[in-house]
Amino acid sequence: MGFYLRKSIKAGPFRFNLSKSGIGVSTGIKGLRLGTGPRGNYIHMGRGGFYYRKTFGNNSSASPSTARAPVSNANNTPPPQQAPDNSGYGPFTDIDSGDVSAMTDSSSAELLAEFDSKQKKITLYPFVIAATILILWFLPEGVERWITGTVLALGAIGTYFAYNYDQYRKSVVLFYDVEGPYESAYQGLHDAFTALTSTKKAWHVESQADIYDRKRHAGASLAIKRQDIRLSMAAAPYVKTNISVPSIKVGKQTLFFFPDRLLVFDKKKVGAVSYSDLNIKVSSARFIEEGSVPRDAQIVGQTWKYVNKKGGPDRRFNNNHEIPICLYEEILFSSSTGLNEMVQLSKCGLGNHFRASIETLARVSF
């Protein structure tokens, strides 16, 4: 599936436009727009087939720059894993990233500073809504309806303009002009990510622990805690961009694979990892699946809920039943700056293609 490259982005009341000459920005209403671009400042007006455009002088200043897109598979068969129940295992070790603000490199410092500055800005439109509700609350009983209607109308208009102003104040605009080898490399990432989304189930592995009493845990040696996740094309919060971006939700954080770098978002901070510093390890894992088995999962064996020393059923338990052992794929994302996240897929054979596409992006530097 090819990625889509838009030529314009709307951020609050402003529209950013990409052309062969560079980037321009305009604002206004239908029939009247003011703007500036590589060829100068201009006014554009008209409707119904009649239009007027006037350019004022030549803007010789440099236009905003556009961005251009600049570990081995483990086949060892590990001991089976199992989702934890309630006892018989050691303390869980989190598979979690460090502080997002520590994930940076010299090329991303300015961008992250802009993210940090804009995320600290207070969102205004909730205050407008609250003020409207308070005014309505304190209106005296029996007040004429037109007064109430006026307050509601002004509140709605104020909320609309405050919301759009917030979008402008808090948004970071990222324009990409992807062509040539950069386009081919990013298309490869999109193709590999589209293949990842074909898996029937995906999980984020939060933590793991050694199992001490294996006979009560179907013979597994490792217990893991995991959460269902979705792999999708998603918009990063308060980012206006002209390109579709693959994203993976990993607990409190979300990974966004932009053409030039990986951006890591949590609720309050943004981190960046260059593709040259991003390590991806792909491995297979035997998982004792006590839940429903995904349709694309490969069943490689069977075990018992309670096993004896020889691996057979423990006859002391009446409710003993067989459990399928599935072969899942695990992808570990890590970096020297603290990224450490693991994703588990029900379908094997997808991770290496994705890892190779990231390595290609790392070689095609911006």
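The following legends describe an overview and two close-up views of a predicted model. Residues are numbered from 1 along each chain as its sequence is written, and side-chain values use heavy atoms, with hydrogens and water left out.

**Figure 1. Overview of the chain.** The chain contains five helices and 21 strands (DSSP runs numbered from the N terminus; helices are H or I of at least four residues, strands E of at least two). Of its 366 residues, 41% are buried (under 20% relative accessible area, 1.4 Å probe, protein chains only).

Figure 2. Strand β15 spans residues 253-257 and includes Q253. Q253 counts as buried because its relative accessibility is 7%. Its contacts (heavy atoms within 4.5 Å), not counting residues up to four places away in sequence, are S97, G98, V100, I248, V264, F265, D266 and E341. Although Q253 and E341 are 88 residues apart along the chain, their C-alpha atoms are separated by 9.5 Å.

**Figure 3. Packing of helices α2 and α3.** Helix α2 (residues 125-137) packs against helix α3 (residues 145-170) at about 170°, with axes 8 Å apart (lines fitted to C-alpha atoms over the stretch in contact; angles run from 0 to 180 degrees between N-to-C directions). The two helices, α2 and α3, are therefore roughly antiparallel (angle over 145 degrees). Residues of α2 in this contact include Y125, V128 and I129, which meet α3 residues, among them T148, V151 and L152.

Definitions and conventions. This is a predicted model: local features need pLDDT of at least 70, side-chain atom pairs count only at pLDDT 80 or more; totals for chains, interfaces and linings use all residues. Buried means under 20% relative accessible area, exposed over 50%, partly exposed in between (1.4 Å probe, protein chains only). Angles under 35 degrees count as roughly parallel, over 145 as roughly antiparallel, 65 to 115 as roughly perpendicular and the rest as oblique.
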